Amino acid sequence: MYTTGQSIIVSGGSRGLGLHMVTQLLEAGNKVATFARSYTKEVGALSEKYGDSFYFAPLDAVDVNGVTAFVNAVCDKFDGQLDSVVNNAAIGQDQLLMHTDPETIQQIVNINIVGPTLLTRIAIKRMLLQGSGNICNISSICGSRGYAGLSVYAGSKGYLDAMMRALAREVGEAGIFVNCVAPGFFESEMSSVLRPEQLDTIKRRTPSGKLSNDENIFKVVDLVISGTTNMQGQVVFVDGGITS
Ligand SMILES: NC(=O)c1ccc[n+]([C@@H]2O[C@H](COP(=O)([O-])OP(=O)(O)OC[C@H]3O[C@@H](n4cnc5c(N)ncnc54)[C@H](OP(=O)(O)O)[C@@H]3O)[C@@H](O)[C@H]2O)c1
């Protein structure tokens with residue numbers, strides 16, 4: 001583990017990759033706060049195990065006042081410090097654009113674009129005062145490569161990549177590092193819409209012959225937010241080479 005002793009926010013930590021990252025970061029001696037719309041039994045178990053080092057609030061990523069209050073509460077709880085933010089919360093899509101209704105398009109844009117932008121905006125205000133910080137967006141290979149049925153989702157991830165590059169230039173001189181980690185498909189509730197034969201095809205086309213798992217992705221996030229790399233404004237792919 002590279003990241004320890006930090007105060008960290010991971011959005012969407014109630015299940016999937018977010019839950020894995022929260023669990024590993026707590027285990028490594030960090031203080032970790034997360035939010036999601038629903039409370040899960042895994043979140044309850046973390047509260048019990050880690051006490052004051054862990055903070056969870058039920059929150060929708062698009063609730064501007066709620067996100068502001070959350071960041072303020074985290075800073076109060078964690079002695080005013082906010083070292084890293086991992087923008088992980090997102091929703092998927094599994095429909096051709098012509099079948100995707102306008103409400104769904106709006107929802108993907110709100111959760112996957114507006115949500116992380118709001119959280120980042122509030123976080124960097126804190127980080128600018130500190131003169132240090134790390135922002136890591138969980139993007140996707142879809143942000144750089146085309147996949148049918150994922151056009152709006154792909155657009156939202158391409159936005160994160162582009163926003164990250166511009167923001168790195170805005171805040172880099174102030175000691176804030178902004179990067180994206182872009183996984184290929186991995187097993188989770190989000191990717192459960194893929195049929196076994198689709199997963200087999202993806203594996204066949206992947207040079208490493210296997211899908212990434214939560215730990216593969218976390219290992220890269222851990223390095224990116226550790227503040228030890230001087231990596232700035234980059235999209236790092238964790239995909240077994242399918243985009244190579
Ligand atoms: N799975 C893949 O194949 C894959 C591939 C590449 C990239 N990614 C990216 O990896 C990240 C994690 O994906 P995952 O597969 O672990 O997804 P997941 O299992 O569906 O988990 C998503 C998390 O985000 C939370 N969330 C969703 N909408 C939210 C909202 N409006 N407000 C607050 N929290 C919200 C969910 O909790 P609630 O629903 O309770 O709010 C949950 O905790 C995402 O950014 C995803 O785009 C996934």
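Predicted model: local features only at pLDDT ≥ 70, side-chain atom pairs only at ≥ 80, totals over all residues.

Q: Why is Ser156 called buried?
A: Ser156 has a relative accessibility of 1%. Buried means under 20% relative accessible area, so Ser156 counts as buried. The residue is in helix H5, which spans residues 151–171.

Q: What makes the side chain of Ser156 and the backbone oxygen of Tyr153 a polar contact?
A: A polar atom of the Ser156 side chain lies 2.6 Å from the backbone oxygen of Tyr153. The cut-off for a pair of N or O atoms is 3.5 Å, and one atom must be able to donate a hydrogen and the other to accept it. The pair therefore counts as a polar contact.

Q: Which residues does Ser156 touch, not counting residues up to four places away in sequence?
A: Ser156 touches Ile108, Asn112 and Ile113.

Q: Why is Asn112 called buried?
A: Asn112, found in helix H4, has a relative accessible area of 2%. The limit for buried is under 20%, and Asn112 is therefore buried.

Q: Which residues are in contact with Asn112, leaving aside its neighbours within four places in sequence?
A: Asn112 is in contact with Ala90, Ile91, Tyr153, Ser156 and Leu160. The C-alpha atoms of Asn112 and Val152 are 9.8 Å apart in space, while the two residues are 40 residues apart in sequence.

Q: What makes H4 roughly parallel to H5?
A: The axes of H4 (residues 102–130) and H5 come within 9 Å and cross at roughly 15°. Angles under 35 degrees count as roughly parallel, so H4 is roughly parallel to H5. The crossing is right-handed.

Q: Which residues of H4 and H5 meet, and how do they divide into nonpolar, polar and charged?
A: Among the H4 residues of this contact are Ile105, Ile108, Val109, Asn112 and Ile113, and the H5 residues include Val152, Tyr153, Ser156 and Leu160. The residues of the contact divide into 14 nonpolar, 4 polar and no charged.

Q: Why is Asn88 called buried?
A: Asn88 lies in the loop between S4 and H4. Its relative accessible area is 12%, and buried means under 20%; Asn88 is therefore buried. Apart from residues up to four places away in sequence, Asn88 touches Val10, Ser11, Gly12, Leu17, Gly18, Met21 and Ile138.

Q: How do you know that Asp79 is exposed?
A: Asp79 has a relative accessible area of 64%. Exposed means over 50%, so Asp79 is exposed. Asp79 is placed in the loop between helix H3 (64–77) and strand S4 (84–87). Its phi is near 60°, a positive value in a residue other than glycine.

Q: What makes Asn230 exposed?
A: The relative accessible area of Asn230 is 63%. The cut-off for exposed is over 50%, so Asn230 is exposed. Asn230 is in the loop between helix H7 (214–225) and strand S7 (235–238), and its phi is positive, about 65°, although the residue is not a glycine.

Q: Why does Ala148 count as exposed?
A: Ala148, in the loop between strand S5 (133–138) and H5, has 75% relative accessibility. Exposed means over 50%, and Ala148 therefore counts as exposed.

Definitions and conventions: Residues numbered from 1 in each chain as written. Heavy atoms only, no water. Helix = DSSP H or I, 4+ residues; strand = E, 2+ residues; numbered from the N terminus. Buried < 20%, exposed > 50% of the residue type's maximum accessible area, 1.4 Å probe, protein only. Contact = heavy atoms within 4.5 Å. Axes fitted to C-alpha atoms, helices over the stretch in contact; angles between N-to-C directions. Parallel < 35°, antiparallel > 145°, perpendicular 65-115°, else oblique. Left-handed = near helix turned anticlockwise from the far one by under 90°. Nonpolar A, V, L, I, M, F, W, Y, C, P; charged D, E, K, R; others polar.
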